[in-house]
Amino acid sequence: MGAEIKPGSEIEANQEIVEDILKAFPEKAARNRRKHIVVRDCSTEQHIEADDKVIPGIITNRGCAFAGSKGVVFGPIKDMVHLVHGPIGCAYFTWGTRRNLARAEEGGDNFSNYCVCTDMKETDIVFGGEKKLKQAIDEVVRIFKPEAITVSATCPVGLIGDDIEAVSREAEKEHGIKIVPSRCEGYRGVSQSAGHHIASNLLMEHLIGTEELENPTPFDINIFGEYNIGGDLWEIQPILEKIGYRIVSSLTGDGSFHKISQAHKAKLSILLCHRSINYTNRMMEEKYGIPWLKVNYVGTKGTTRSLQKMAEFFDNPELTRKTEEIIAEETGKYAAEVEKYKKKLQGKKVFIYSGGSRSHHYTNLFEELGMKVVVAGYQFAHRDDYEGRQILPHMKEKALGSILEDVHYEMDENVKPAVSKERIEELKKQIGLMEYEGIFPEMKDGTVVIDDLNHHETEVLVKTLKPDLFCSGIKDKYWAQKLGIPSRQIHSYDYSGRYTGFSGVLNFARDIDMALHSPTWRFINPPWKAAGAE
């Protein structure tokens, strides 16, 4: 039993709004959706349902397994040509719709701006597309001369049974390059999260551990769950390097398959987006003994604490001194200007609905700017993204989840872990090593936490809670603006950014100020305001 809710409290009021929302659904659908919505009451233990099938007929913002594998995880790897095997309509999910920026290193390749597809037609569906795939690979090799290729299958490929693995093996032998086939048909799983899982397995199977790292240092790290949206990586990378870290690999923003192949030699992996690639972290810990640390370098407080935790992990006096020096230096650069924007943004209400861990990260940043998050949710989260990884042993496997291979490894007998088991256990208590508490502990009383938000729920919550700002993806950005609510695209930053690190706070505050205080909003009234009201 939870604590008694006081009548007239924000918790009670928002729970009534949720009940009103559910009245619009058929009884069975309402029972289902009730499990996916929680009004936070921090005095009691709460649970939420997630990673479940979308109710037929309800409009969802989710993506598919193909989007998760090719679009999110593999797509940002710059020196691989990413070949889509399927109809051309699936191939649009490229750098043009997801701003995972990349630039070639000296003597290296960058194929990020190309969209390559087999362009399957009706006849290929009838007679099979394997010959067309082989021809496409041959053309890619002839035109681009890459050292590696990914082949991403879309829904029709799985339905007709093309053996992309066999074609890839044959082409790999013929051309002497690495070819990674991804069986990521869109229907495999309930959301893009399935594609993240598939891609993580393939990273371990085909790339990680296949090359050796030259000149290892004591402070070699990997950056996981960072996709360099708007150049985010390029903001945090210089800070880490100034402190003294060497970044072995970024997975996968501005990433190189060569560097990913060396990732098993790092001493620590830091993880930003928990949902998209935590599978790889877990497998690398099992096989190579590399621990991982959940970080948040979105916002001054998040960045500061994350850097301090990393220093505590390595426990080196010079590294610790340099960490505090950089924190003081970077914070001082932007504090006064951030404070100026904070005065203008104080008390504004925010509705945030995103994929990955961004709702969590940006909740922290909004609160740092004095703003209040009234609704927060994820598109493709699992329960542990909300409730923390301590819930994992209590989660039941769903039927659709069983089609994804949950790979586990024994420790490689040739590997000597850089950190002892005793030290690992000590660091788990000290800095939360290999733990993630999820979004729940960050949510204040009365905040509506919602999984797989649909259009009806969005509309009711917007009209009743009256947010000043709506943050989501491109699919519903313009809908919100038509209601007279300033909107920011939190997935690709509306062609702005960078939002990570210390300067990212200032960039973000400036953009939010422009969104909220644009004079255009004088000419549009939200539905809850009388015509002509200010």
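**Cavities and a helix pair**

Modeller: The model is predicted. Start with the second largest cavity. Its lining is made up of N32, R33, H36, K53, V54, I55, I58, I59, T60, D452 and N454. By class, that lining divides into four nonpolar, four polar and three charged residues. The volume of the second largest cavity is about 70 Å³.

How many such spaces are there at 30 Å³ or more? The structure holds three cavities of that size. Around the largest cavity sit K70, G71, G75, H82, F93, T94, W95, N100, F111, S112 and Y114. Sorted by class, the residues lining the largest cavity are four nonpolar, six polar and one charged. In general, such empty space shows up when a probe the size of a water molecule is rolled over the atoms.

Now the helices. Two packed helices are described by the angle between their axes and the distance between the axes. Helix α12 spans residues 300–314, and helix α19 spans residues 501–517. These two pack at an angle of about 170 degrees, and their axes are 8 Å apart. Angles over 145 degrees count as roughly antiparallel, so α12 is roughly antiparallel to α19. Which residues make the contact? On α12 they are T300, T303, T304 and L307. On α19 they are G501, F502 and V505. By class, the contact of α12 with α19 has three nonpolar and four polar residues, with no charged residues.

Technical notes
Residues are numbered from 1 along each chain as its sequence is written. This is a predicted model: local features need pLDDT of at least 70, side-chain atom pairs count only at pLDDT 80 or more; totals for chains, interfaces and linings use all residues. Side-chain values use heavy atoms; hydrogens and water are left out. On a 1 Å grid over the protein atoms alone, a cavity is a set of points where a 1.4 Å probe fits but cannot get out, and a pocket is an open set with protein on both sides within 12 Å along at least five of seven lines; lining residues have an atom within 4 Å of a point. Grid points are joined across faces, edges and corners, and a volume is the space filled by probe spheres set on the points. Ala, Val, Leu, Ile, Met, Phe, Trp, Tyr, Cys and Pro count as nonpolar, Asp, Glu, Lys and Arg as charged, and the others, Gly among them, as polar. Axes are lines fitted to C-alpha atoms, for helices over the stretch in contact, and angles run from 0 to 180 degrees between N-to-C directions. Helices (H or I, at least four residues) and strands (E, at least two) are DSSP runs, numbered from the N terminus. Angles under 35 degrees count as roughly parallel, over 145 as roughly antiparallel, 65 to 115 as roughly perpendicular and the rest as oblique. Contact means heavy atoms within 4.5 Å.
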